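Hello,

Here is the structure you are taking over. My notes on its pockets, surface and backbone follow below.

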Amino acid sequence: MSEKIAVVPGSFDPITNGHLDIIKRAADVFDSVYVAVLNNSSKNPLFTTEERIELIAEVTKSLPNIRIESSSGLLIDYAKEKNAKAIVRGLRAVSDFEYEMQITSMNRVLDENIETFFIMTKNQYSFLSSSIVKEVAKYGGNVSELVPAPVAQALKEKFHTIL
């Protein structure tokens, strides 16, 4: 039986408790999970790709089947390169579904052999996004319930430097 490999893609700028929940749940289902830190040219990230990879590595170190890498090409090409049979995406609300359906449909055109699996976020994370976390942190708000401790510290340091 072949190894079940999945890719969990995202910009993870920064990784939130919602992202971490999806990654952990994917790690329970698949033999190997590649967390692909995507470089989205339409976004201006707060953290460098290297910083995002380091933070994800720190907060997933207890998960032995997780690999963290970056990718700047097409997600489907990355998934093929890793021999992944699945892409795992988190859904927070109905508003996410339409966008995710478009991406999934395009990926299916590019390679019909790679499935997309959607994991519904837990209710306590349904409002959570990296953008919201950065906005709260920027103005000195407490994000300790929204992100893992190393990320909260990194946000504090990043915004202290900027301000």
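The lining of the largest pocket divides by class into 19 nonpolar, 20 polar and ten charged residues. Here Ala, Val, Leu, Ile, Met, Phe, Trp, Tyr, Cys and Pro count as nonpolar, Asp, Glu, Lys and Arg as charged, and the others, Gly among them, as polar.

Some ground rules. This is a predicted model, in which local features need pLDDT of at least 70, side-chain atom pairs count only at pLDDT 80 or more, and totals for chains, interfaces and linings use all residues. Residues are numbered from 1 along each chain as its sequence is written, and side-chain values use heavy atoms, with hydrogens and water left out.

Largest pocket

The space in the largest pocket is about 1,400 Å³. Its lining has 49 residues, and Pro9, Gly10, Ser11, Lys43 and Arg89 are the closest to the centre. Two or more lining residues come from each of strand E1 (5-10), helix H1 (17-29), helix H2 (49-59), helix H3 (75-81), strand E4 (86-91), helix H4 (94-110) and helix H5 (130-138). H4 gives the most, eight residues.

The terms are these. On a 1 Å grid over the protein atoms alone, a pocket is an open set of points with protein on both sides within 12 Å along at least five of seven lines; a cavity is a set where a 1.4 Å probe fits but cannot get out; lining residues have an atom within 4 Å of a point. Points are joined across faces, edges and corners, and a volume is the space filled by probe spheres set on them. Helices (H or I, at least four residues) and strands (E, at least two) are DSSP runs, numbered from the N terminus.

Second largest pocket

Its volume is about 220 Å³. Of its 13 lining residues, Ala137, Gly140, Gly141, Ala152 and Lys156 lie nearest the centre. H5 and helix H6 (149-162) each supply at least two residues. H6 has the largest share, five residues. The lining has six nonpolar, five polar and two charged residues.

Cavity

How many cavities of 30 Å³ or more does a search of the whole structure find? The search finds one. The volume of the largest cavity is about 30 Å³. Leu75, Ile87, Arg89, Glu100, Ile103, Thr104, Asn107 and Thr116 line this cavity. E4 and H4 each give two or more of these residues. H4 has the largest share, with four.

Surface patch

Leu74, Met106, Val109 and Leu110 make a nonpolar surface patch of about 390 Å². Patch residues have over 30% relative accessible area and no salt bridge; like charges are joined within 9 Å, nonpolar side chains (Val, Leu, Ile, Met, Phe, Trp, Tyr) within 5 Å. A salt bridge is a side-chain nitrogen of Lys or Arg within 4 Å of a carboxyl oxygen of Asp or Glu. Areas come from the Shrake-Rupley method with a 1.4 Å probe; for residues, only the protein chains shown count as cover. Met106 is in helix H4 and is partly exposed at 43% relative accessible area. Buried means under 20%, exposed over 50%, partly exposed in between (1.4 Å probe, protein chains only).

Backbone

Most residues other than glycine have a negative phi, and most peptide bonds are trans. The bond from Asp13 to Pro14 is cis, with omega near 0°. Pro14 is in the loop between E1 and H1. Phe12 is in the loop between E1 and H1, has a positive phi near 50°, and is buried at 3% relative accessibility. Asn83 has a positive phi near 60°. Asn83 sits in the loop between H3 and E4 and is exposed at 56%.

Best wishes
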